[in-house]
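Thanks for asking me to look this one over. My comments are set out as numbered points below the structure.

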Amino acid sequence: MPQPGPGEVRVRIRASGANPSDWKTRKGGSGRKLIAPPVIPHSDGAGDIDAVGEGVPASRIGERVWIWNGQWKRASGTAAEYIALPAQQAVPLPANVSYDEGACLGIPGFTAWQAMRLAALQPGDTVLVQGGAGSVGHYAIQLAKLRGATVLATVSSEAKAAHARAAGADHAIDYRREDLGARVAELTGGRGVDCIIEMDLAANAASYPKLLRPHGRVVVYGMSGAEATLPTMWLMQNSIGLQFFLIYEIAQADRDAGVRELTDLLAAGKLKHTIALRLPLAEIARAHDLVEGGTLMGNVVLAP
Ligand SMILES: NC(=O)c1ccc[n+]([C@@H]2O[C@H](COP(=O)([O-])OP(=O)(O)OC[C@H]3O[C@@H](n4cnc5c(N)ncnc54)[C@H](OP(=O)(O)O)[C@@H]3O)[C@@H](O)[C@H]2O)c1
């Protein structure tokens, strides 16, 4: 049983979210080493605060919370019955949001929020959300619509197209079967999109000259390879902005602003969440395999 140290809370976990980062970390991918044996996986989760450490008001006991960076640079993640972690990493969960939904926020919800902040969309902008049926893409589409943008989303099946449209996408394009460049040209009157939210830079960068307008920008949160080949001459000649980020390591000011906006949107019931599967914690290995398979639409959550 973990004990909350100074400045920490202990959370009784009700739902633990599995993300691609979790199986990548487990496999030692992206150059990451497991920080200690044993590691309890998972960054995302939700539950109830049942104890507080020194310096944390006792009034937080009983609070419903969602968790960010549960396992980031720490051995003990959310795939457990209890976790002790810094108090600010347990964010109040509005009463209208379930624990399962709260377990989707730390990585998918927050990544989409940070991508939107960096995209700096203005009402009327057109944005292409790559992987529009993905966990992050699902929230990115919704947040882009809330900012008044026209949203194009790439998908790979009719079911994924329906999922992206249900999140608010104005157009879903099957990037495996359709000519993506031609479809984007058609939908933007030949101008190209203002911004791309990118989930696989390595696979998709070559197509940017067909997709982006001059002075457009790409916000990159994912890539299938450690290195990518970029159309650099075209990027330079067209003054394209390229912005990367890792959600675990965003600035404190961004973290605070994201928590505020996500909390307001959640409380107002303005975000849709999709739980693809809820499994008992004992089936964590299956959960990781399913997330790695990449065919699900929505998040996998585990119940301790
Ligand atoms: N930088 C960060 O902090 C950060 C944060 C969160 C996630 N990530 C990374 O971002 C990626 C997506 O995460 P996720 O949780 O959203 O995963 P996910 O739920 O598996 O969704 C990924 C989606 O992208 C689609 N896709 C795959 N290859 C594509 C391509 N070349 N072009 C367009 N769409 C493609 C997939 O469908 P099809 O295969 O059917 O096309 C799937 O719908 C992962 O690699 C993850 O590690 C990074």
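1. Basis. This is a predicted model, in which local features need pLDDT of at least 70 and side-chain atom pairs count only at pLDDT 80 or more, while totals for chains, interfaces and linings use all residues. Residues are numbered from 1 along each chain as its sequence is written.

2. Domains. The chain is divided into domain 1 (8-104 + 273-303) and domain 2 (108-248), with bounds from an automatic or database domain assignment. Their C-alpha centres lie 27 Å apart. Nine residues of domain 1 are in contact with ten residues of domain 2 (contact: C-beta atoms, placed from the backbone, within 7 Å). The side of domain 1 that touches domain 2 has four nonpolar, five polar and no charged residues. In this classing, Ala, Val, Leu, Ile, Met, Phe, Trp, Tyr, Cys and Pro count as nonpolar, Asp, Glu, Lys and Arg as charged, and the others, Gly among them, as polar.

3. Ligand shell. Where does the shell around the ligand lie relative to the two domains? Both domain 1 and domain 2 give residues to the shell, so it lies between them. Of the 26 residues around the ligand, G131, G134, S156, G222 and I247 come nearest (a residue is near if its C-beta atom, placed from the backbone, lies within 6 Å of the molecule). The elements giving two or more residues are α1 (20-26), α3, α4 and α7 (201-204); helices (H or I, at least four residues) and strands (E, at least two) are DSSP runs, numbered from the N terminus. By class, the shell has twelve nonpolar, 13 polar and one charged residues.

4. Helix α4. This helix (residues 135-146) has twelve residues and reaches 18 Å from its first C-alpha to its last, close to the 16 Å expected (1.5 Å times one less than its number of residues). Ten of the twelve are buried, including H138, Y139 and Q142. Buried means 20 or more other C-beta atoms within 10 Å of a residue's own, exposed 12 or fewer, and partly exposed in between, with C-beta atoms placed from the backbone. The cover includes α3 (105-119), β7 (150-155) and β13 (299-303). Just after α4, G148 takes a positive phi of about 85°.

5. N69, in the loop between β3 (64-67) and β4 (82-86), has a phi of about 55°. S239, in the loop between α9 (232-237) and β11 (241-244), has a phi of about 50°. Which of these two is buried or exposed? N69 is buried, with 21 other C-beta atoms within 10 Å, whereas S239 counts as exposed, with 10 C-beta neighbours inside 10 Å.

Definitions and conventions:
Contact = placed C-beta atoms within 7 Å.
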